[in-house]
Amino acid sequence: SIGVFSRVTLWQYLKNLDSCLPGSQSQLEWVTSSAKSDIGLARVFFRYALNEQALYEFLSALIWNDTLTKKYYQPQAVFVMEDTKNLFLVLLENLNQIKFRLFLKEEALNEPTYWKDLHPEALVRKPVIVEEPEIPKPVETPQPPIEPSDGDIAAVISPSVITDNSIVAPTKKKKRRKKKKVAEISAADALKDAEAELEAAKQQKENSAQKEEEDQRKEAMILAERERAEKLQREREEEERREREEKEKNQKK
């Protein structure tokens, strides 16, 4: 397996870029002149590629070289499996749209504890405190006083009702309102609708019967006219036949 601190380091894989991407030897020479250790060279390589917006180009050239990649990575690695490899490169391509200005020549990049020395708090996992949003309290709006209606009778408090510690609440007489008989009105409307539908169906039936009777009368007239025409045709044919026979007899004489 390959890693930053393992025997086979990431830089040993990255420095094969020239064999996968011809013309990249000058970039590798610039990287090798900026760091000393393998971990420092790998860090400078990624920083340089990000600054040049070429990280996708460099890594895709390495990853698509299956023979080289399988030499450094295990079969279940992200760079070897087809699905994960394609997904990684698609996400990596989006970095080309971002402009980076990272420092390249820094002595601390050669140290394995670079991030720990630079930002020790970044390696300490802190509990995440989720603050609950403050729910605003509803604002109570004062209600306007209810004035007595015309149907209400003003309360009259009798002196005899008032005692030392309590006052009897005045009684109010409400005006009775006549309620409409909704059920009766609905039933009457339904009855009217039913009668109207029945009358319409009856009228439609009568119209249908009249139409059927008229059709039968027309059909009878057509049949009678056809019979009369056929009878005239037979009489004409019979008269012509007689005339031919009479003519033949006269010729024989």
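## Nonpolar core

The largest nonpolar core holds 35 residues, and those that touch the most other members are Tyr13, Leu14, Leu17, Phe45, Phe58, Leu62 and Tyr73. A nonpolar core is a set of buried Ala, Val, Leu, Ile, Met, Phe, Trp, Tyr and Cys residues joined through side-chain atoms within 4.5 Å; buried means under 20% relative accessible area, exposed over 50%, and partly exposed in between, with a 1.4 Å probe and protein chains only. Two or more residues of this core come from each of helix 1 (10-14), helix 2 (17-20), helix 3 (25-32), helix 4, helix 5 (55-63), helix 6 (66-72) and helix 7 (82-93). Helix 4 provides the largest share, seven residues.

In soluble globular proteins, nonpolar side chains tend to be buried together.

## Model and conventions

The structure is a predicted model, in which local features need pLDDT of at least 70 and side-chain atom pairs count only at pLDDT 80 or more, while totals for chains, interfaces and linings use all residues. Residues are numbered from 1 along each chain as its sequence is written, and side-chain values use heavy atoms, with hydrogens and water left out.

## Overall fold

The protein chain has nine helices and zero strands, in the order α-α-α-α-α-α-α-α-α along the sequence. Helices (H or I, at least four residues) and strands (E, at least two) are DSSP runs, numbered from the N terminus.

Of the 253 residues in the protein chain, 19% are buried. The chain exposes about 22000 Å², of which carbon and sulfur atoms supply 54%; accessible areas come from the Shrake-Rupley method with a 1.4 Å probe, and for residues only the protein chains shown count as cover. Among contacts (heavy atoms within 4.5 Å) with a separation of 6 or more, 59% join residues 24 or more positions apart.

## Helix 5

Helix 5 is largely enclosed by the rest of the structure, because seven of its nine residues are buried. These are Leu55, Phe58, Leu59, Ser60, Ala61, Leu62 and Ile63. The buried residues of helix 5 pack against helix 1, helix 2, helix 3, helix 4, helix 6 and helix 7.

## Largest pocket

The largest pocket has a volume of about 170 Å³. Ile39, Ala42, Arg43, Phe46 and Trp115 are the closest to its centre among the 10 lining residues. On a 1 Å grid over the protein atoms alone, a pocket is an open set of points where a 1.4 Å probe fits, with protein on both sides within 12 Å along at least five of seven lines; lining residues have an atom within 4 Å of a point. Grid points are joined across faces, edges and corners, and the volume is the space filled by probe spheres set on the points.

Helix 4 (38-51) and helix 8 (114-118) each supply at least two lining residues, and helix 4 gives the most, with five. By class, the lining has eight nonpolar, no polar and two charged residues. Here Ala, Val, Leu, Ile, Met, Phe, Trp, Tyr, Cys and Pro count as nonpolar, Asp, Glu, Lys and Arg as charged, and the others, Gly among them, as polar.

## Loop residues

Ser24, in the loop between helix 2 and helix 3, is buried at a relative accessible area of 2%. Ser24 touches Leu17 and Asp18, not counting residues up to four places away in sequence.

Gln53 lies in the loop between helix 4 and helix 5 and is partly exposed at 33% relative accessibility. Phi of Gln53 is near 55 degrees, a positive value in a residue other than glycine. Ile98, in the loop between helix 7 and helix 8, is partly exposed, with a relative accessible area of 40%. Ile98 and Leu50 are 48 residues apart in sequence, with a C-alpha to C-alpha distance of 8.5 Å.
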